[in-house]
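Subject: A structure for you to look at

Dear colleague,

My notes on what was found in it follow directly after.

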Amino acid sequence: QESAAYLRESLPQIPRVGIILGSGLGSIASEINDSISLPYASVPYMRTSTAPGHSGRFVCGTLNGVYVICMQGRLHAYEGYSASDVAYPIQVMKELGIEALILTNASGGINTSYAVGDIMVISDHINFTGLNPLVGPNDDEVGPRSHDMSHAYSPRLRELAKQAAYQQGIHLQEGVYIGCLGPSFETPAEIRAFRILGADAVGMSTVFEVIAATHCGLPVLAFSLITNMAAGIVADDTITMEEVADIGGRKAVQVCALVRDIVGEL
C-alpha cells in the first residue's frame, strides 16, 4: 500500500495496464508518450534490477491512448531475490489500480519447429524453479490461500494477440513456457527432458509474476521472444547474453507493435 501510494502521488493518473519488458526489449518503453520515469530505488520497499539490459525503472505514460505503467527491466530470483521479491511489483501495480498485465521475455526455443526471432504467445507454463512467491502467510484480501491456475494466461487476451498478429502479418507461435531459476543456461540433457515434459520455450523469469497476478485477479498476456535455440538443438552452438540482447533489440519493434495494438483494445 505504501509503494502504491508513492506511485499514485507521483503520477497524473492511475494506469490501466501494467507491462513488463524482458531482456533486450527495454526499448519498447520509448513508445510511451508523455512519459514519467521513476527508478525502482525511489519506490518504498522495491528491489533494484541488476541484470544486464534491465534499466530498473517504471516508465509511465500513454500508449495507444491508454495510460500504462511499464517496468523497464524486471527482477529475477537469480539476482539473489526471493520469489516474493520478484512478485512484489505485480502486487504493487494491482494495488495501484491496473486492470491487466502484459509480460514479455527473452527465451530459448525448445520446439524444433521454432526459429530464432519467432514470437510465442504463452498458453501455459511449467514452474521448474522449485519456488513459489506465495509461500508464507496469505492475505485473504489479496487472494485465496490456494488459487486456480487453469486459465493463468487469459484466453481472451491471447485471442486479441492472435488478431493483432494477423493484422500486422506477424507469424505468432503459441506454446508452453518452462521457467528455470538460472542464472546458468540449461544443459542439453535438461532441454531434452523439458521437451518430453511439453515445454516449447525456456527462460528464467515470468512464472513468479504470473502466479502473483492470477492470485490477485489480474488477467495476464505474455510473449516470449525466441532469442536463441536452447542448448543442444543446434550442434556445437553456444549461448550468450550478448546474443539474447542482440536479437531482442532487432525484434523489439515487432513485439512493441503487438503490445501497442493490444493495449488499445483493452
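Phe128 has a relative accessible area of 46%, so this residue counts as partly exposed (buried means under 20% relative accessible area, exposed over 50%, and partly exposed in between, with a 1.4 Å probe and protein chains only). Please keep in mind that this is a predicted model, in which local features need pLDDT of at least 70 and side-chain atom pairs count only at pLDDT 80 or more, while totals for chains, interfaces and linings use all residues. Residues are numbered from 1 along each chain as its sequence is written, and side-chain values use heavy atoms, with hydrogens and water left out.

Aromatic pairs

Searching the whole structure gives two aromatic pairs (rings of Phe, Tyr and Trp, the last by its six-membered ring, pair if their centres lie within 6.5 Å; planes under 30 degrees apart count as stacked, over 60 as edge-to-face and the rest as tilted). In one of them, the ring centres of Tyr40 and Phe58 are 5.0 Å apart and the planes stand at 70°, so the pair is edge-to-face. Tyr40 sits in the loop between strand 2 (33-39) and strand 3 (57-63), whereas Phe58 belongs to strand 3, 18 residues apart from Tyr40 (helices, H or I with at least four residues, and strands, E with at least two, are DSSP runs numbered from the N terminus). Tyr40 is buried at 0% relative accessibility, and Phe58 is buried at 0% as well.

Phe128 forms an edge-to-face pair with Phe194, with 4.9 Å from centre to centre and 70° between the planes. Because Phe128 lies in the loop between strand 6 (119-127) and helix 3 (155-168) and Phe194 in helix 4 (residues 188-197), this pair ties together parts that are 66 residues apart in sequence. Phe194 is buried, with a relative accessible area of 2%.

Helix packing

Helix 2 (residues 83-96) packs against helix 5 (residues 207-215) at an angle of about 50°, with the axes 8 Å apart (axes are lines fitted to C-alpha atoms, for helices over the stretch in contact, and angles run from 0 to 180 degrees between N-to-C directions). That makes helix 2 oblique to helix 5 (angles under 35 degrees count as roughly parallel, over 145 as roughly antiparallel, 65 to 115 as roughly perpendicular and the rest as oblique). The contact, meaning heavy atoms within 4.5 Å, involves residues including Ile90 of helix 2 and Phe208 of helix 5.

Best wishes
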